[in-house]
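Student: Before we discuss the model, could you show me what we will be working from?

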Amino acid sequence: SQQFSALTEVLFRFLTEPKEVERFLTQLSDFATMNKISLGPLKNIVKSILLVPNGALKRNLSPEQVRADFIALGLSEEKASYFAEQWKVNAPTLTRLAVGQTLMINQLVDMEWKFGVTAGSSELEKVGSIFLQLKLVIKKGSQMENVYVELTLPQFYSFLHEMERVKTSLESFS
Amino acid sequence: QLVSALHNLTRHIVYRGLTRAEDILSLFPENFHQNLKNLLTKIILENISAWRNEAQASQISLPRLLDMDWRVDIKTSSDSISRMAVPTCLLQLKIQEDVALCGDSPVVSALTLELSKETLDTLLEGLGRIRDQLSAVANK
């Protein structure tokens, strides 16, 4: 059962940091060598085990349900309970990751600004009007797009006011 | 030739920002018809601020914000998680491309963005800093 807890630890570390694929594979092969299991079958077992937490996330299962699933799959009660315990501990992180992966349309990623004064133009020798220029970085699919937009001062104050209203609205829903 | 001359006169007046009758009157040549000169000056003075505003509005510029709309949605499920309640904001900006380039047929595009709560907080922080900078400049 010590083997099992070590393996579980490796699995959950991967689930909470899904980008660390290299590290996960290294840890798996270390585990295989230490316990004198061959890597191939181990990988297959791990693949099946990983299906359970992913399915659990999709269906919002409670730790008891995860434990019941594992027992139905033939795992011993002790091991199933241990896994369910680990699941309970890691659930918030995993849920947050899943929510973070949710589709976002034209996500605003960054914003830069500058403001200045228009001094003169070809039509008017002296102007003296203040403008605000915003650069919005938008994620469209997998690419970034820069959008440049100019606002007058009244538009800026109106924009700020509207965004504060949005914040109040978002806060009342969370 | 007459129209061209009038056009040049009004352009010059708008460019220089002349607003006093004396300044405009002094532009006419010595032997210009007195009544005509006064009539022209009067008409020009009436229109001068409208012309200045129009000139300013049709300056070259980056695309300009025309209008802005928003709505707040609650995301309830997705392919990676079946139950959640995440509020998100959809912001639509109506942007008009450079007025000077478009002339009489302005090109307006609508850009819809999605902002998470975190992004909105960061955005508000940035906008707040802009507001502080603006008041610092205004108070100088």
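Tutor: One definition comes before the rest: a residue is buried under 20% relative accessible area, exposed over 50%, and partly exposed in between. The model is predicted.

Student: With that definition in hand, does Ser49(B) count as buried, partly exposed or exposed?
Tutor: Ser49(B) belongs to helix α3 of chain B, and its C-alpha atom is separated by 9.2 Å from that of Gly17(B), 32 residues apart along the chain. Its relative accessibility is 46%.

Student: Which helices do the buried residues of α3(B) pack against?
Tutor: The buried residues in α3(B) are Lys37(B), Leu40(B), Thr41(B), Ile44(B), Ile48(B) and Ala55(B). An α-helix has 3.6 residues a turn, so residues three or four places apart point the same way. In chain B, the elements that these buried residues pack against are α1 (2-16) and α2 (21-25).

Student: Are α1(B) and α3(B) parallel or oblique to each other?
Tutor: The axes of α1(B) and α3(B) come within 10 Å and cross at roughly 55 degrees. The contact joins Leu6(B), Leu9(B), Thr10(B), Ile13(B) and Val14(B) of α1(B) to Leu40(B), Ile44(B), Ile48(B), Trp51(B) and Arg52(B) of α3(B). Since angles under 35 degrees count as roughly parallel and 65 to 115 as roughly perpendicular, α1(B) and α3(B) are therefore oblique.

Student: Turning to chain A, is the crossing in which α1(A) passes α3(A) left-handed or right-handed?
Tutor: In chain A, the axes of α1 (residues 2-16) and α3 (residues 39-58) come within 11 Å and cross at roughly 60 degrees, which makes α1(A) oblique to α3(A). From α1(A), Leu7(A), Leu11(A), Phe14(A) and Leu15(A) meet Leu42(A), Val46(A), Ile49(A), Leu50(A), Pro53(A) and Asn54(A) in α3(A). As for its hand, the crossing is right-handed.

Student: Does Asn106(A) count as buried or exposed?
Tutor: Asn106(A) sits in the loop between α5 (77-100) and β1 (107-118) of chain A. Its phi is near 45 degrees, a positive value in a residue other than glycine. Because its relative accessibility is 18% and the cut-off is under 20%, Asn106(A) counts as buried.

Student: What pattern does chain A follow along the sequence?
Tutor: Chain A has 174 residues, of which 37% count as buried, and 42% of its contacts with a separation of 6 or more come from residues 24 or more positions apart. There are six helices and three strands in the chain, and along the sequence they follow the pattern α-α-α-α-α-β-β-β-α.

Student: And what pattern does chain B follow along the sequence?
Tutor: Chain B has 140 residues, and buried residues make up 36% of them; among its contacts between residues at least 6 apart in sequence, 40% join residues at least 24 apart. Its secondary structure comes to five helices and three strands, and read along the sequence the pattern is α-α-α-β-β-α-β-α.

Terms used:
Residues numbered from 1 in each chain as written. Chains lettered and ligands numbered in written order. Predicted model: local features only at pLDDT ≥ 70, side-chain atom pairs only at ≥ 80, totals over all residues. Heavy atoms only, no water. Buried < 20%, exposed > 50% of the residue type's maximum accessible area, 1.4 Å probe, protein only. Helix = DSSP H or I, 4+ residues; strand = E, 2+ residues; numbered from the N terminus. Contact = heavy atoms within 4.5 Å. Axes fitted to C-alpha atoms, helices over the stretch in contact; angles between N-to-C directions. Parallel < 35°, antiparallel > 145°, perpendicular 65-115°, else oblique. Left-handed = near helix turned anticlockwise from the far one by under 90°.
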